[in-house]
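My notes follow the order in which I checked things.

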Amino acid sequence: MSALHLACAALAGFMLAQPVAAHTLQVAAAIATTNPAGSMPTATDSAPTAIDVADIPSLADADQRLAERANEANAGSVTPAVSFARQLAMIEVAVEDPFWRMTFAEMRTLPIARLESLSRHWRFQARLLTRWQSDLALATRHRASDAAGLASRRQAWVATATSGQELPTALQERVDEVVADLTQAEAGVSDPLARLIALGRRGNAVGARIESAQRRVAEAIAAYDTRLLRIDGPPLWQLKPVGVVSNASTGNTVRSGLEIESRFAGEYVKSDAMVGRRALQTLLCCSLPLLLWLAWHSRAPIRAGQVSRTEASVLSRPLSCWLLLLVIGVFAFQPDAPMLTHQLALVLAVVPVMRLLPISQRRLLGITPHVASALFLLLRLGFVFLSSPVAYRLYILLLTLLGLAAAGWLLRRARHHGHASHNGRLGRALRAALHVAGVMLGVALVANVFGNVSLAETLTGGVIDSAYFALLLAAGMTVLATWVQLLLKRPGVSRFRLAREHADPAVLVLLKLLTAASVAGWLVYALDRFRVLAPVNEALSALLDHSWALGDLRLSLGHVLLFALSVVLAFWLAKTVRLVLDGEVLSRMSLPHGVANSIASLSYYAVLLLGLIAALSAAGFRTSQLTFVLGALGVGVGLGLQNVVNNFVSGLVLIFERPFQPGDVVEVAGTTGRVRDIGMRATRLSTFDGASVVVPNGQMISQQLVNWTLFDRSRRLELRVSVAYGNAPKEIETLLIDVARATEGVASAPVPIVLFDGMGNVAMEFIVRAWTVEYDHAATTRSLLYARIYEALTTRGIGLAHAAAEIYPAPPRNAS
């Protein structure tokens, strides 16, 4: 909206023939920043110029219309200041609530889950305030622009009235009217502008309080992390006996924790600043009808056994799939949602996870998913014991022992059933995960016994939650992979050539991407649960931000990795665009010979060039710094890259001129073969002997090129036939023509012809010329035609002439 308002203000200034547009932008930029004194900047730096007498009537009408529009805009029932004040008041209520403004000492007594919830609450309030300040800046900039324009026009009319020039009475009255109207309009604009500026100062104060609260929460979380390597409680054998925890104390603790989470969740849901709300709503609203429709239409194929067991399991459970999508969507689109939302989502996913795990792996997993889910639910019930530190510590100890027992039993079961040898890498990976989990739980047991309760709680909760989250991601991958495979099997999709020819490789690539995304998501979640995500993030940031300078060019490791990733993505996208154009778009269009390949190749190079430019921009290169790269390229061309540049330019010439395209049979430099592809530097040929020949594009341009299939795939066959003397030539010609016409693969047009080529020493020479419409079958058609001619001649009793030789035996040797 601010851009539109600025444009309108600049247009009005232009219509009034006054240079106020540039100054309006300066005023808007000045007002957007906080001005402690709240003073308005001056409308102009130079003295206003009086208006010419001849221009007074027309400019007076224009300025009065400008004043009337400003008065109408200010006469609205609800001014922007009222709306902004209402929104800021809601943020202030949440910020000033004593319920959230805990001291550092109070925060140190809270468990890490509550601290994380407080951190998310203050990040949410900071996001609300940032959005409010952005909207306020736009509104303030608009009002400042209007006020600056009105002040500039008013000063011009005041300068006209006080310039001392003699004005007729009517024009003098007109000038006074315009001054009065502009003064009134300016006053109407200045008051809302002053209130917006005052609201901006209030917002800054609220932001300072939010930042202070965030610092206290961050310090409390840092203090908790430092306790992970310290003894923060007495050894287990020195614990004093704990009495029975009262129901009232337990109820108060539970109610307090639920109140913290529920109040934050209520604020989060009511706000319109939820991250990913629309994406999550779209996913849930569109997926449920689709899942129900798939389940309804898949009943018959499931009963007939036309789908696999895993596909049948997914299709027959639409509600479980939908709940699983809900959980994954919450974590993907709302990572900063309240802890209560995430925990409820994980609890809701227990049953879907059990039902949707891949059937092919259920024998390998055994009861591992049930054990992990049970431990996860038991861990969630630990908030009941938060009212008593001793009871909570013993409960964590019990969970640690249960986890150790489960890990040991599962390892024994895996060894007994031979999962490591019968299930390959997956079985070995599962055993390795169980060993790592057992080691961590053992460390947690020792830490709990000797008094490091924070470390014991972190390790136990991290192992249990990470195992359950891995199961959830495995179930989600099963659902997504099944949907993709079913989608590619549908008749509406399989009719596309790309789907038929590239379905299996595409599914494999997609499964690899899903696996990589799942592993990355699990690593982030596991690192966060083990309280090492922040240190790892800081270390990686420091490593990636490490930079070195080369003149004016400054690079970092992060820029290099981003450049490499962008280049890989650009190559992949360019290949995908060319594949889609070749396979589905251009092949369905009636285009001249070679145009489709040229369009696809040019699109490939265009996407690749744009991707490289984007990669350079992502890596931090500026336009001025590219001169270094271009200079180095020029030196390289001058020293030894002439042939490379020549071949590249020749490739562009081949694309535009289109002397051949992939699939054509060409002959160049004594080599005959089929064109496989035209690259940036060279063209690849496949000879009929099975060899692959790489011919530089420059050679394809500079040397004579024969294209056997440029306009069509027809080829003329020429066969020489020798017939013995004593037969009528006309009869032989008619017979050969009839045989050629009746042979499969010989084209009817042009018609076959037979030429009486000459009379040799022993036979009459005939030439049979016929055409075949398919170059690839020319040799087969030639062989078949020879066979038919031989059969026809022998059937008619016509002899084939051949040279005869008489061999004389050597005379016998004398016996002497």
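**Ground rules.** I am working with a predicted model, in which local features need pLDDT of at least 70, side-chain atom pairs count only at pLDDT 80 or more, and totals for chains, interfaces and linings use all residues. Numbering starts from 1 along each chain as its sequence is written, and side-chain values use heavy atoms, with hydrogens and water left out.

**Whole chain.** I noted 30 helices and 10 strands. Helices (H or I, at least four residues) and strands (E, at least two) are DSSP runs, numbered from the N terminus. Of the 816 residues in the chain, 38% are buried. Buried means under 20% relative accessible area, exposed over 50%, and partly exposed in between, with a 1.4 Å probe and protein chains only. I then looked at contacts (heavy atoms within 4.5 Å). Among those between residues at least 6 apart in sequence, 74% join residues at least 24 apart.

**Valine 479 and leucine 324.** I looked up valine 479 in helix H20. Valine 479 counts as buried because its relative accessibility is 2%. Leaving aside neighbours within four places in sequence, valine 479 is in contact with Val314, Cys321, Leu324 and Leu356.

I went on to leucine 324, which lies in helix H12 (residues 318-333). Leucine 324 has a relative accessible area of 1% and is therefore buried. From leucine 324 to valine 479 the C-alpha separation is 8.9 Å, across 155 residues of chain. Not counting residues up to four places away in sequence, leucine 324 touches Pro352, Val353, Leu356, Leu472, Ala475, Gly476 and Val479.

Two strands pair if DSSP finds at least two bridges between them. Strand E4 (residues 671-678) pairs with strand E5 (residues 682-687) in the antiparallel sense, over 5 bridges. I found aspartate 677 opposite arginine 684 in E5. The hairpin of E4 and E5 has 3 residues between the strands.

E5 also pairs with strand E6 (residues 692-696), again antiparallel and over 5 bridges. Here leucine 685 has valine 693 in E6 as its bridge partner. E5 and E6 form a hairpin with 4 residues between them, and glycine 690 in the turn has a positive phi of about 95°.

**Backbone exceptions.** Most residues other than glycine have a negative phi, and most peptide bonds are trans. Which residues does a cis peptide bond join? I found alanine 749 and proline 750, with omega about -5°. Proline 750 is in the loop between helix H29 (729-742) and strand E9 (753-759).

Arginine 531 has a positive phi, near 65°. The loop that holds arginine 531 runs between helix H22 (497-529) and helix H23 (533-545). I logged arginine 531 as buried, because its relative accessible area is 13%.

**Cavities.** On a 1 Å grid over the protein atoms alone, a cavity is a set of points where a 1.4 Å probe fits but cannot get out; a pocket is an open set with protein on both sides within 12 Å along at least five of seven lines; lining residues have an atom within 4 Å of a point. Grid points are joined across faces, edges and corners, and a volume is the space filled by probe spheres set on the points.

My search of the whole structure gave 2 cavities of 30 Å³ or more. The second largest cavity holds about 40 Å³. Its lining consists of Leu291, Leu294, Ala295, Val314, Leu315, Pro318 and Trp483. Helix H9 (277-297) gives the most to this lining, with 3 residues.

**Second largest pocket.** I recorded a volume of about 1500 Å³. Of its 44 lining residues, the closest to the centre are Leu365, Leu430, Ala470, Leu471 and Ala474. H20 gives the most to the lining of this pocket, with 13 residues. Where does the second largest pocket lie? Domain 2 (273-353) and domain 3 (357-542) both give residues to its lining, so the pocket lies between them; the domain bounds come from an automatic or database domain assignment.
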